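This report concerns one protein chain. Please look through the sequence and the structure before reading on.

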Amino acid sequence: MLIVILLVAIGFIVLSTSKWKLHPFIALLVAAYGIAFSVGMKYADIAKTITSGFGNILAYIGIVIVLGTIIGVILEKSGAAIKMANVVLKIVGKDRPILAMSIIGYIVSIPVFCDSGFVILNALKRSMVKQLKVSGVAMSVALATGLYATHTLVPPTPGPIAAAGNLMVGNLGLVILVGLFVAIFTMLAGYFWAIKRGPLYQSGEDMDIDLEKDIEVQAKYGTLPSAFKSFAPIFIPVLLMAIESIAKLAFKDSSDTFIYKFFVFLGHPANALFVGVLFASLLLPKWNEETLSGWVGEGVKNAGEILIITGAGGALGAVLKASGIGDYLGLTLQTLSLGIFVPFIISAALKTAQGSSTTALVVTSTIMYPLLANLGLDSEMGKVLTVMAIGAGALTVSHANDSFFWVVSRFSQMDVPTAYKAFTMATLVQGLVTIGIVFLMSIVLL
């Protein structure tokens, strides 16, 4: 009955969010209450379990999510994202524009939502398609899959942060480093699919030769910021968290020294992202109400929905843990010897069924936390690789119930059949390649 209760709860979450269009926050809360009543939890404990689960996860990563979205909005509105794209294009060279698109997407989507990133970079991509006479579909798929790679695998994007929080990963810097490594293979899978399959299809961009319709990126943003100012809000926090991880490994016997305490302080995710916001403030064209309140306020608003969904996921996870469902399911799955493939399968099923990668990451991580010990994934590296496996599932697949599918197809002027063949299939390839890499890493590291 415990398994039946869990399956009914997951079915409700998928059906209510995809078919009935219920907001995931309410769906997750209803599922949490439903499970609590179904397993016979004491009435006095239900609200306490749900509220503590909600609060604990937000205490862990709430500030990080808000700061990350603020950085993303500032990069978007200041033109820094376009500057980063131009720098990568200059390094990679105009003779490899499809690879440049993949790398640009990989970098930009670390702090910026993939939907926003595609919209921001669409004008640059469109201009390159016309000037360099390359396949519009190949360029669109390369950009979209590059964005998707880091969107599902690398903090401070909210989905991977929430997954790491739900799994109680102690070292977010390690998640970032492993995510950056794994996402390279994810990006390359999308790139090779783009160069092999993209040129076989046509979009409106390939047939539209009117350059006057293109937005002049430089004119839209004015003078673009410097490369250092553009990259610093992303890479300084990542560097600080990486240094913290190194310091804990290399100087664990000198934990009383000032240097150790200093780097551990700066490397804490909340502190590192706050430093990132300080560097992002250098990108503000003016320090006035529009930027200090408007831009920052937009980032806070963007974070709001992610925060409440993440909190509701934490509440569901707390109920699953208290109910005993997690322990029973873990023992059952242990006999199947699926290991690291369990989070991938659950996440891919949720992603394909309801469309949202973030929801797939949040829900799957809440389900997985009680199962970690029985699956042999309760070590720090085991938890990190579980985040990667969930992220791989959250890639698989993007189709008509995913907002990003429509952003890619509409802005790229692809009809729906072409988008399915070119982009949806690319996300399937990405997911399978990614879980393959994660499986190989688990053999070596676990």
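The sections below take up the confidence of the model, the packing of helices, some individual residues and the backbone.

## Confidence of the model

The structure is a predicted model. The average pLDDT of the chain is 87, and 94% of the residues score at least 70. Among the elements of the chain, the highest mean pLDDT, 97, belongs to helix α19 (residues 380–394). The lowest mean, 59, is that of helix α11 (residues 217–221). Over residues 209–215 pLDDT stays under 50. For that stretch the model has 10 contacts beyond four places in sequence.

Sorted by class, the residues of the contact of α7 with α21 comprise 9 nonpolar, 5 polar and no charged.

The next pair consists of helix α5 (residues 97–108) and helix α9 (residues 172–197). Their axes also come within 10 Å, and the crossing angle is roughly 145°. The crossing of α5 and α9 is right-handed. From α5, the residues Ile98, Leu99, Ser102, Ile103 and Tyr106 take part in the contact. They meet Leu180, Ala183, Ile184, Met187, Tyr191, Ala194 and Ile195 of α9. The contact of α5 with α9 contains 11 nonpolar residues, 1 polar residue and no charged residues.

Where does Glu205 lie, and is Glu205 buried or exposed? Glu205 belongs to helix α10 (residues 204–207). Because its relative accessible area is 1%, and buried means under 20%, Glu205 is classed as buried. The side chains of Glu205 and Lys125 are joined by a polar contact of 3.1 Å. Beyond its neighbours within four places in sequence, Glu205 is in contact with several residues, among them Asn122, Arg126, Val129 and Lys130. Its contacts also include Gly136, Ser140, Phe411, Ser412 and Gln413.

Ile74 is part of helix α3 (residues 43–78). Its relative accessibility is 3%, so Ile74 counts as buried. Ile74 and Trp295 are 221 residues apart along the chain, yet their C-alpha atoms are separated by 6.5 Å. Which residues does Ile74 touch, not counting those up to four places away in sequence? They are Ala280, Leu283, Leu284 and Trp295.

Thr291 is located in helix α15 (residues 289–323). With a relative accessibility of 2%, Thr291 is likewise counted as buried. When residues up to four places away in sequence are set aside, Thr291 touches Leu284, Pro285, Lys286 and Val296.

## Backbone features in loops

| Site | Feature | Angle |
|---|---|---|
| Pro155 to Pro156 | cis peptide bond | omega near 15° |
| Thr396 to Val397 | cis peptide bond | omega near -5° |
| Met168 | positive phi, not a glycine | about 55° |
| Gln413 | positive phi, not a glycine | near 60° |

Pro156, at one end of a cis peptide bond, is in the loop between α7 and α8 (158–166). Val397, which is joined to Thr396 by a cis peptide bond, is in the loop between α19 and α20 (403–411).

Met168 is placed in the loop between α8 and α9. Its relative accessible area is 39%, and Met168 is therefore partly exposed. Gln413 occupies the loop between α20 and α21.

Definitions and conventions. Residues numbered from 1 in each chain as written. Predicted model: local features only at pLDDT ≥ 70, side-chain atom pairs only at ≥ 80, totals over all residues. Heavy atoms only, no water. Nonpolar A, V, L, I, M, F, W, Y, C, P; charged D, E, K, R; others polar. Axes fitted to C-alpha atoms, helices over the stretch in contact; angles between N-to-C directions. Helix = DSSP H or I, 4+ residues; strand = E, 2+ residues; numbered from the N terminus. Left-handed = near helix turned anticlockwise from the far one by under 90°. Contact = heavy atoms within 4.5 Å. Buried < 20%, exposed > 50% of the residue type's maximum accessible area, 1.4 Å probe, protein only. pLDDT = per-residue confidence, 0-100. Polar contact = N/O pair within 3.5 Å; in protein donor to acceptor, adjacent residues only side chain to side chain.
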